[in-house]
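Grab your viewer and let's work through a few exercises together. Try each task yourself before reading its solution.

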Amino acid sequence: MASKKKNIKSGASASRLNEKKNLYMGIDLGTNHTAISTSNGKKNSILSLVGIPKDAVATKFLKKERLYGEEALKHRVALNLFKPIESGVLKNQKEDIEAARGLLQHIIHSVGANGDGKKYAIIGVPAQASVLNKKIITELAKDFFDGVMVASEPFCVAYNLGQLEHSLVVDIGAGTTDLCRVHGTLPEPDDQISSNKAGDFIDRELVKLISDEYTNVRVSPEMSKRWKEQCAFVGEPDEEIIVDVPVDSSILKLSITREIREACESILPDIVDGISKLISTYDPDFQDALRSNIWLAGGGSQIKNLGTFLEKELEQIDGGRVRIDRDPVFGGADGALKLAMDMPAEFWRTT
Ligand SMILES: Nc1ncnc2c1ncn2[C@@H]1O[C@H](COP(=O)(O)OP(=O)(O)OP(=O)(O)O)[C@@H](O)[C@H]1O
Ligand SMILES: [Mg+2]
């Protein structure tokens with residue numbers, strides 16, 4: 001995010017460039033998934049994965065030099081896999097930067113956004129991505145756009161929700177949970193808190209808890225992620241969670257209810273601390289407005305009972321109202337798109 005404060009005028013068609021040929025895009029470049037939303041109504045979301053065939057045989061068999069997203073995951077045994085974003089940050093290695101460039105190009109092509117006409121994009125990145133990281137992303141994206149800016153992901157979510165005044169977004173992704181206070185301008189560093197306890201952390205905790213409880217079981221992070229996506233919850237369980245687990249050479253049905261709950265609850269202390277900190281350091285006149293306008297977003301916002309559980313925890317600091325973004329997949333990309341369309345024409349001329 002640029003350090004200079006800029007006022008955002010919401011819904012301002014007056015501030016859009018007039019030329020019809022311009023295409024605006026919002027892109028959410030995430031650890032787990034990359035989503036795109038365009039001003040001509042196209043959308044796509046893919047896993048943030050790039051695969052390069054391991055050898056000439058694999059290239060011939062797959063008939064491609066590069067595979068992206070779900071297709072790369074499907075053929076992973078024949079590929080060298082790259083996950084260019086880790087813990088919410090674009091990795092610094094040359095191969096990862098190239099992979100990120102390929103991912104961007106692939107998703108832009110996938111929505112047919114590579115035709116004539118000027119293209120302007122806002123790319124959502126984690127709240128506390130370093131200045132260097134933002135610079136690298138801006139530089140590699142410049143090849144594809146006539147104007148590009150990076151913006152904080154949770155701010156994009158708030159923009160999409162139309163919650164630009166006194167709102168607090170908690171974006172629970174794969175690599176990071178980003179908390180962001182929004183008050184009408186682009187957020188400053190003090191408005192944002194990031195924790196690396198998010199979806200990937202839950203997956204690792206779950207593997208650990210199951211391995212501690214049952215000897216001889218072999219649980220991979222992929223299995224753990226799948227079980228979490230099917231059954232994640234916090235608080236009291238509605239039902240017992242039983243899964244098929246490989247034990248030695250057979251499959252056993254094991255209950256993992258307690259383990260799922262503990263793994264999911266392991267990310268909550270950081271979230272509650274972050275919310276309290278952002279409320280207590282806000283202008284006292286507006287603290288009540290902020291506490292009653294908390295939004296959960298990102299894939300992790302789908303954990304069952306999360307909103308109610310957090311509201312209970314917040315009772316210890318005078319309470320809070322927690323709501324959930326209706327679109328955990330495209331919320332960030334849609335917000336980035338709206339922001340791109342609302343930026344004044346002069347802004348794009350200077351990018
Ligand atoms: N139903 C679900 N319940 C709980 N967690 C889920 C569910 N569906 C997806 N997730 C988890 O949400 C996380 C992905 O969220 P999201 O797509 O918002 O991340 P991202 O934006 O790619 O990551 P980041 O913001 O950290 O860069 C993954 O850990 C995924 O397993
Ligand atoms: Mg995200």
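Predicted model: local features only at pLDDT ≥ 70, side-chain atom pairs only at ≥ 80, totals over all residues.

Residues are numbered from 1 along each chain as its sequence is written, chains are lettered from A and ligands numbered from 1 in the order in which they are written, and side-chain values use heavy atoms, with hydrogens and water left out.

**Exercise 1**

Find the salt-bridge partner of Asp-203 and decide whether the two are buried or exposed.

*Solution.* 
- Step 1: apply the criterion, a side-chain nitrogen of Lys or Arg within 4 Å of a carboxyl oxygen of Asp or Glu.
- Step 2: Asp-203 pairs with Lys-228, at 3.0 Å from N to O. That joins helix 6 (residues 199-213) to helix 7 (residues 221-231), with the partners 25 residues apart. Helices (H or I, at least four residues) and strands (E, at least two) are DSSP runs numbered from the N terminus.
- Step 3: Buried means under 20% relative accessible area, exposed over 50%, and partly exposed in between (1.4 Å probe, protein chains only).

**Exercise 2**

Work out which parts of the chain the Arg-261 and Glu-236 salt bridge ties together.

*Solution.* 
- Step 1: the two side chains meet at 3.6 Å, N to O.
- Step 2: Arg-261 sits in helix 8 and Glu-236 in the loop between helix 7 and strand 14 (242-247), so the pair ties together parts 25 residues apart in sequence.
- Step 3: Arg-261 is partly exposed at 25% relative accessibility, while Glu-236 is exposed at 58%.

**Exercise 3**

Which residues have the most contacts inside the largest nonpolar core?

*Solution.* 
- Step 1: collect buried Ala, Val, Leu, Ile, Met, Phe, Trp, Tyr and Cys residues joined through side-chain atoms within 4.5 Å.
- Step 2: the largest such core has 43 residues, and Leu-168, Val-170, Trp-227, Ile-260 and Ile-275 have the most contacts inside it. Elements giving it two or more residues include helix 6, helix 7 and helix 8.
- Step 3: look at Trp-227. Leaving out residues up to four places away in sequence, its contacts (heavy atoms within 4.5 Å) include Ile-210, Val-243 and Ile-260.
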